[in-house]
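Subject: A structure for you to explore

Hi,

Here is the structure I promised to pass on. Have a look at it first, and then read on for what I found in it.

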Amino acid sequence: MLRIIKTEFMKIKRYHILLIGLIGMLCSPLLQLFSQMVVNEEYKTPNFDFAALAEMTVWGSAQVFMPALFTLIGGYLISREYSDDTLKNILTVPVSFRKFLAGKLVAIGLLAMLFGVYCFGVTTAVGIAAGLPDIKVSVLAIALLQMTGLAFWVYIVVVPIIVICSKRPGTFMGGSIMAFLAGYAILFFKQGLLRQIYPFSAALTMIGFDTSSYSGTSDKGSVLLAAVSLGSMLLIAVVLVCISKAPEDAHKKKKAKGRGGSSRRGQQQR
Amino acid sequence: MPEYIIETKNLTKKYGTQKSVASLNIHVQKGRIYGLLGRNGAGKTTTMKMLLGLTAPTSGEIKIWGKSLHGNEKKTLSRIGSLIESPGFYPNLTGTENLRIFATLRGVPNNHAIEDALNLVGLPYKDKKLFSQYSLGMKQRLAIALAVMHDPELLILDEPINGLDPIGIAEVRSFIRQLCDERGKTILISSHILSEISLLADDIGIIDHGALLDEESLARLEQKSNKHIHFTLSNTAQAARILELQFKENQFSILDDHNLQVHNLAIPVSGMITAFVENGLEVSEAHTCEESLEDYFKRITGGEGIA
């Protein structure tokens, strides 16, 4: 398994999709800062400091950026194994499709957490560049933990979508849209059991994020119910991986035979 | 009794109602090169995919090193190097980086394995050129390097010379032969190019429409090709009597009044001509006919030849 994870990191070198992830995560704090600059005075957050920027970035990331980007990147990394026709080389090592998929998902999870750290980095940079007050170690530490933790939990939520997309090459874009819509739907679950167990709300609960001022939730999040919700998502992902099979002939590309056919015919004459 | 490295029994693969491979029984002997010859779509690649566990057989059995492949994939496949269809690599990485990924996955202990494999196929080690910038020939060479990198005992190569230039073809042919002769590797190679198979293989399996039509050593296959002496003369009935009475020979065919074929090549042609002329026959033509391997292939595949 460690070998699979190691090779997954070797594969992503020069992958342009990572650039999309980096730009996307940068957009999260920039968008929050920009919205503070352009909205009317009465809608502005009072005492907009670094802590407020970090909190808004966490909310924006949970709602929009992380679900869509993680599904897009994860789905793309799996889909490339089909489009580059590399799956046959892996399966004949031999590495079983399930083990390969599991290793890949772990690697993408680690990558997602690195994106969380990166999100913290760019948020801090944006905060410093914008001259926001109160950039203290304690605030920075909370922001780092929340963003990294959020990346981990959001990834757990979108793993089933990534696994489903892995069965059909090229469907990751649809999966990304689905993840985006699911993330955005967090606004509709404000109270009751659904507020507690809706996976994206649960992800925020797990990092101790107060959603009341963002989505107007009236109930405080229950860590236990959030853990059950996220555990269920993880279980679904594990089951999906366990029942997954290498799509027969999915690694098959159009056969490129007969290249130079006419010239070869001459060679057949003895 | 020969030791078979690969043995299939009634191996069949169906896609829907269409049989891609039908009751295939192939026997690949240890330390020999087995050429699977067939036209495009004959079932060569499907057969190789089944041998590598990339596609499941509909029925039949595959034995590799005497053990069923089913249930022994991990032990068996790690001893095999393969190239199936077009080379599949990560376009964003160099050749060396690509090989390093598979060396890591395989746990190749030899630090020089990548460099040695690249040297073997004539590709530079630690070159900065990305796989996406490779020519078709370079891609094919890299795929062969991947197949041999972990020093496998058995190589399964599906059309390995695809995309190579004539010099590249000769080089690949030479090192495949070397791998077999000097390192004792067993090699199963497929091709739709008869001349390539006949230059490289020790044993040949001819596959058409998923069925194995013939399986012989190259030498035996060449012997099986039809050979005869063809005469064009004034009276074949009289010539037949001369053959029967004077040469005690009855292995001949009368085609018409003027054409006759003698199938026993042991009788000297000059002797027969002299006998015919001395008995008043006019001999206008006499020559030895030898059916080429391609003619043989055409004959047993129903005259369609090779694509």
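Let's start with a pair of residues in chain B: T12(B) stands opposite S59(B), which belongs to strand β5(B). Before going further, please keep in mind that this is a predicted model.

**Strand β5 and its partners**

T12(B) and S59(B) face each other where strand β1 (residues 4–15) of chain B meets strand β5 (residues 59–64) of chain B; these two run antiparallel and are joined by five bridges. β5(B) also pairs with strand β6 (residues 67–68) of chain B, again in the antiparallel sense, over two bridges. Here K63(B) is found opposite S68(B) in β6(B). What do β5(B) and β6(B) form together? They make a hairpin with two residues between them, and in the turn W65(B) has a positive phi of about 55°.

**The six-stranded sheet**

Next, look for an open sheet of six strands in chain B, with the order β7-β8-β9-β4-β10-β11 and mixed pairing. At its edges stand β7 (80–83) and β11 (211–217) of chain B; each has a single partner strand, so one side of each is left without a neighbour in the sheet. Ignoring direction, neighbouring strands of this sheet are turned by 15° against each other on average.

An example of parallel pairing here is strand β4 (residues 33–37) of chain B with strand β9 (residues 186–191) of chain B, over five bridges. Within that pair, L36(B) has S190(B) in β9(B) as its bridge partner. Helix α5(B) packs on the sheet by touching β7 and β8 (154–158) of chain B, and its direction makes about 165° with that of β7(B). Helix α6 (residues 166–181) of chain B lies across β4, β8 and β9 of chain B and runs at about 150° to β9(B).

**The four-stranded sheet**

Chain B also has an open sheet of four strands, in the order β13-β14-β12-β15, and its pairing is antiparallel. Which strands are at the edges? They are β13 (252–254) and β15 (283–290) of chain B, each of which pairs on one side only. From one strand to the next, the twist averages 20°.

Strand β12 (residues 227–233) of chain B pairs with β15(B) in the antiparallel sense over seven bridges. One place to look is H228(B), whose bridge partner in β15(B) is C289(B). Helix α9 (residues 236–246) of chain B touches β12, β13 and β14 (259–262) of chain B, with a direction at about 25° to that of β14(B). Helix α10 (residues 269–278) of chain B touches β12 and β15 of chain B, and its direction makes about 155° with that of β15(B).

**A helix with a buried face**

Helix α4 (residues 113–121) of chain B has these buried residues: I114(B), A117(B), L118(B) and V121(B). Why do they line one face of the helix? Seen down the axis of α4(B), they fall within an arc of 95°, so they lie along one face. After α4(B) comes G122(B), with a positive phi near 75°.

Chain A has twelve helices and zero strands. Buried residues make up 43% of its 270 residues, and its C-alpha atoms fill a box of roughly 90 × 40 × 30 Å along the principal axes.

Is D134(A) buried or exposed? It counts as exposed, because it has 12 C-beta neighbours inside 10 Å. D134(A) lies in the loop between α5 (97–129) and α6 (137–166) of chain A. Leaving out residues up to four places away in sequence, D134(A) touches D49(A), F50(A), A51(A) and V139(A).

Finally, the axes of helix α1 (residues 2–11) of chain A and helix α3 (residues 95–106) of chain B come within 9 Å and cross at roughly 170°. That makes α1(A) roughly antiparallel to α3(B). Residues of α1(A) in this contact include R3(A), I4(A) and M10(A), and those of α3(B) include E97(B), R100(B) and L105(B). The contact's residues divide into four nonpolar, two polar and five charged.

Enjoy exploring!

Terms used
Residues are numbered from 1 along each chain as its sequence is written. Chains are lettered from A and ligands numbered from 1 in the order in which they are written. This is a predicted model: local features need pLDDT of at least 70, side-chain atom pairs count only at pLDDT 80 or more; totals for chains, interfaces and linings use all residues. Axes are lines fitted to C-alpha atoms, for helices over the stretch in contact, and angles run from 0 to 180 degrees between N-to-C directions. Angles under 35 degrees count as roughly parallel, over 145 as roughly antiparallel, 65 to 115 as roughly perpendicular and the rest as oblique. Two residues are in contact if their C-beta atoms, placed from the backbone, lie within 7 Å. Ala, Val, Leu, Ile, Met, Phe, Trp, Tyr, Cys and Pro count as nonpolar, Asp, Glu, Lys and Arg as charged, and the others, Gly among them, as polar. Two strands pair if DSSP finds at least two bridges between them. A residue is buried if 20 or more other C-beta atoms lie within 10 Å of its own, exposed if 12 or fewer, and partly exposed in between; C-beta atoms are placed from the backbone. The arc is that of the directions from the helix axis to the C-beta atoms.
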